[in-house]
Amino acid sequence: MVERTFVFIKPDGMQKRIAGRIVSRYEEKGLELVAIQKLHITRAMAEQHYAEHKGKPFFEGIIAAITSAPVVAMIWEAPDVVAIVRLMNGATNGALAEPGTIRGDFAANFTDNVVHASDSPASAKREIGIFFPNF
Ligand code: CDP
Ligand code: MG
């Protein structure tokens, strides 16, 4: 069944100037780009996006990181796209992510790990509602 996921390239990925390479990886995998926009995430959007992590020790750090500079937000579509993109992105901690994954190849720590992707179809729907209300 066709599914959608929400992805954004975090400010550290933008600073590394690898946005195009990341988009290419998803395209080469055969995923369909539905929407793409560069934007500066507000504090309110960031808190809503990471609401599940409120109160955790890394919460303030990740909010500060994703609001520090513009990101590129996207919707991707394909059968099983949520799981496929999570696999392609790799483990959360870039230091432990497998080489060959996006985080494994481009990140070396926990907070600045280049890319976000939804962890379930329900999360994707919620996150798309925050960033792309018309989709
Ligand atoms: O992004 P992902 O779904 O893989 O991980 P998460 O557990 O939902 O955490 C959200 C984000 O918070 C991560 O991508 C990291 O940037 C950050 N984080 C962190 O800085 N330190 C942790 N111990 C866990 C997460
Ligand atoms: Mg997550």
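How far is an oxygen atom of ligand 1 from an N or O atom in the side chain of Thr92? Some notes on that and the rest of the site follow; keep in mind that this is a predicted model.

1. The answer for Thr92 is 2.5 Å, counted from an oxygen atom of ligand 1 to an N or O atom in the side chain. As for cover, ligand 1 taken alone exposes 500 Å², and the protein buries 83% of that.

2. Two other side chains deserve a look here. For His53, an N or O atom of the side chain is 2.8 Å from an oxygen atom of ligand 1. For Lys10, the corresponding value is 2.9 Å, again to a ligand 1 oxygen.

3. Now the shell. Around ligand 1 you'll find Lys10, Tyr50, His53, Phe58, Ile62, Arg86, Thr92, Arg103, Phe110, Thr111 and Asn113. Sorted by class, that makes four nonpolar, four polar and three charged residues.

4. As for where the ligand sits, ligand 1 takes up the space of the largest pocket. That pocket's volume comes out at about 400 Å³.

5. The lining of the largest pocket runs to 17 residues, with Lys10, Tyr50, His53, Phe58 and Thr92 lying nearest the centre. By class, the lining has five nonpolar, six polar and six charged residues.

Note on methods. Residues are numbered from 1 along each chain as its sequence is written. Chains are lettered from A and ligands numbered from 1 in the order in which they are written. This is a predicted model: local features need pLDDT of at least 70, side-chain atom pairs count only at pLDDT 80 or more; totals for chains, interfaces and linings use all residues. Side-chain values use heavy atoms; hydrogens and water are left out. A residue is near a molecule or strand if one of its heavy atoms lies within 4 Å of it. A polar contact is a pair of N or O atoms within 3.5 Å; within protein, one must be able to donate a hydrogen and the other to accept it, and residues adjacent in sequence count only if both atoms are side-chain atoms. Accessible areas come from the Shrake-Rupley method with a 1.4 Å probe; for residues, only the protein chains shown count as cover. On a 1 Å grid over the protein atoms alone, a cavity is a set of points where a 1.4 Å probe fits but cannot get out, and a pocket is an open set with protein on both sides within 12 Å along at least five of seven lines; lining residues have an atom within 4 Å of a point. A molecule sits in a cavity or pocket if more than half of its atoms lie within 2 Å of its grid points. Ala, Val, Leu, Ile, Met, Phe, Trp, Tyr, Cys and Pro count as nonpolar, Asp, Glu, Lys and Arg as charged, and the others, Gly among them, as polar. Grid points are joined across faces, edges and corners, and a volume is the space filled by probe spheres set on the points.
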